[in-house]
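Here is a friendly walk through a two-chain model. Have the sequence and the structure open as you read.

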Amino acid sequence: MAGSTAARGPLVAVLDYGAANMVSIGQALVAAGARVVVAEDAAALRGVDAVVVPGVGAAVPAMAHISDRGLAEPLRDWVRAGRPCLGICLGYQILFERSAEGDEGDADTLGLLAGRTVGLTDAPTLPHIGWNTVELVRSHPLFDGIPDGSHFYFVHSFAPAPEDERVVLARTTHGRPFVSAVASGSLYGLQFHPEKSAEVGQRLLINFLRLVADAGATGGGRARAVEVA
Amino acid sequence: MLARRVIPCLDVANGRVVKGTRFVDLTDEGDPAELAERYAREGADEIVFLDITAAPEGRGTILDAVRRTASRAFVPLTVGGGVRSVDEMRAVLRAGADKVSFNTAAVADPELLTACARRFGRQAVVCAIDARRLPASVESDAGVPVAWEVVTHGGRTRVGLDAIEWAQRAVDLGAGELLVTSMDRDGTRSGFDTELLTAISSRVRVPVIASGGAAGPADFVVAVREGGADAVLAASIFHRRMFSIHTVKQAMAAAGLPVRPVAEVEA
């Protein structure tokens, strides 16, 4: 899969925890210039430059799979060490403390960002499926070259409500506005699917890989601890 | 604002895209992966692969087409036709598809929708409903209630279900989206059955994809505006290059409907 350019690109571990469709994100990352390994356990994180947490489906089974594979604590350690991590869709939601998507009340999730994942409010259709506009709250290198208000592909019924406004990068409206992108140090979260968002999605993944490469080059990524919940 | 989607559908038989009128008189229209990539470049919001042979021996060729498409075109892909179990759905998702559409299999085993939604999330489960007007209501005469029945096997089999009731039940069971095809209009280029679309879209909260009968850009506008469709699907008018996706989106935008512009950044 790796071409001559890709051979020099950052090595990205895509977390495979069962239900997730990690095929598409792997292919999109390769097309963006990464080398990709599929990580089914903590050992596979050794030597990689970044971790991508993909995911569709429900929070409870996803957390169960992550725990069963012994990935929860290594993933927390990874993020707390300030190393690059990108959560997509469900993989974004579980970065927060709790999810209302539990079978009985809230489900505990990874707790790397303060806040709770809740159902979309006043949504005209559910699930929220399709291309919606992403309105930037502030500029960030993750969105370099991507016009404010560009369309990205969404497929979800829940979204996190971050407690710390400083992590919010963008909002999207379906019914009421929700937070569609966050960044906290080298930890990034996207409610939409860049791997399914055509040119703008590829551009975002290229930007992410550039941030990963910069973090590796300065060594700052390893040393800089992120403020975590 | 959520854009209304324009979705080209590739009917695939034995590894080739085919198109006929009401599922008969099939003609060869090309390689599925090549067509899918072309559509993605031209601004398709999603691509549907429909295995119209729905035979187990055909699964390999359609998965191959999905794999080839998914490695080069980064848009959502839906696969329909012949998927009958959670394990089969997993194989389709692993090939790079985002959603699986169930038709005959869901009618035969409605719990399949629930099992697949539980495993992969309801957003990955599409219920395709082929609906035909009951003879008494074809002209929608005053006094005769309009009704549609569910048909399967390309319209050859009547299954004794009311299409509107089945749509609501499919959503209750786990479908996250409905693909509604009018078998009276499919392949006829006489416009979508907006009454059918309205009857369903007004009763469910999930997105409804309109299918069957597109003749031109104006029909897409009507399906959304009058039929309440969230997305519009068509096949032959795109394959035969009668209209481009861009032309259809321009017409929708001109009518005030939100659409995703064809290209927002330089590729």
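Helix H7 (residues 194–201) of chain B is mostly covered, with six of its eight residues buried. Here, buried means that 20 or more other C-beta atoms lie within 10 Å of a residue's own, exposed means 12 or fewer, and partly exposed lies in between, with C-beta atoms placed from the backbone. This is a predicted model, in which local features need pLDDT of at least 70 and side-chain atom pairs count only at pLDDT 80 or more, while totals for chains, interfaces and linings use all residues. Residues are numbered from 1 along each chain as its sequence is written, and chains are lettered from A and ligands numbered from 1 in the order in which they are written.

**Helix H7 of chain B and its cover**

- The buried residues of H7(B) are Thr194(B), Leu196(B), Leu197(B), Ala199(B), Ile200(B) and Ser201(B).
- Their cover includes strands S7 (125–133), S8 (148–152), S10 (177–182) and S11 (208–211), together with H6 and helix H8 (217–225), of chain B.
- Helices (H or I, at least four residues) and strands (E, at least two) are DSSP runs, numbered from the N terminus.

**Two residues from the covering elements**

- Ile129(B) lies in strand S7 of chain B, and it counts as buried because 29 other C-beta atoms are within 10 Å.
- Leaving aside neighbours within four places in sequence, Ile129(B) is in contact (C-beta atoms, placed from the backbone, within 7 Å) with Val150(B), Ala163(B), Trp166(B), Ala167(B), Leu178(B) and Val180(B).
- From Ile129(B) to Leu50(B) there are 79 residues in sequence and 13 Å in space, C-alpha to C-alpha.
- Glu165(B) sits in helix H6 (residues 163–173) of chain B, and it counts as exposed because 12 other C-beta atoms are within 10 Å.
- The C-alpha atoms of Glu165(B) and Gly227(B) are separated by 17 Å, and the two residues are 62 apart along the chain.

- Not counting residues up to four places away in sequence, Phe49(B) touches Leu10(B), Val12(B), Pro32(B), Ile62(B), Ala65(B), Val66(B), Leu77(B) and Val79(B).

**A helix pair in chain B**

- Helix H1 (residues 32–41) and helix H2 (residues 59–70) of chain B have axes that come within 8 Å and cross at roughly 35°; axes are lines fitted to C-alpha atoms, for helices over the stretch in contact, and angles run from 0 to 180 degrees between N-to-C directions.
- Pro32(B), Ala33(B), Ala36(B) and Glu37(B) in H1(B) meet Ala65(B), Arg68(B) and Thr69(B) in H2(B).

**Chain B as a whole**

- Chain B has ten helices and twelve strands, and 54% of its 267 residues count as buried.
- Among contacts in chain B between residues at least 6 apart in sequence, 65% join residues at least 24 apart.
- The C-alpha trace of chain B spans about 55 × 45 × 40 Å along its principal axes.

**Where the chains meet**

- The contact takes 37 residues from chain A and 33 residues from chain B.

Key:
Contact = placed C-beta atoms within 7 Å.
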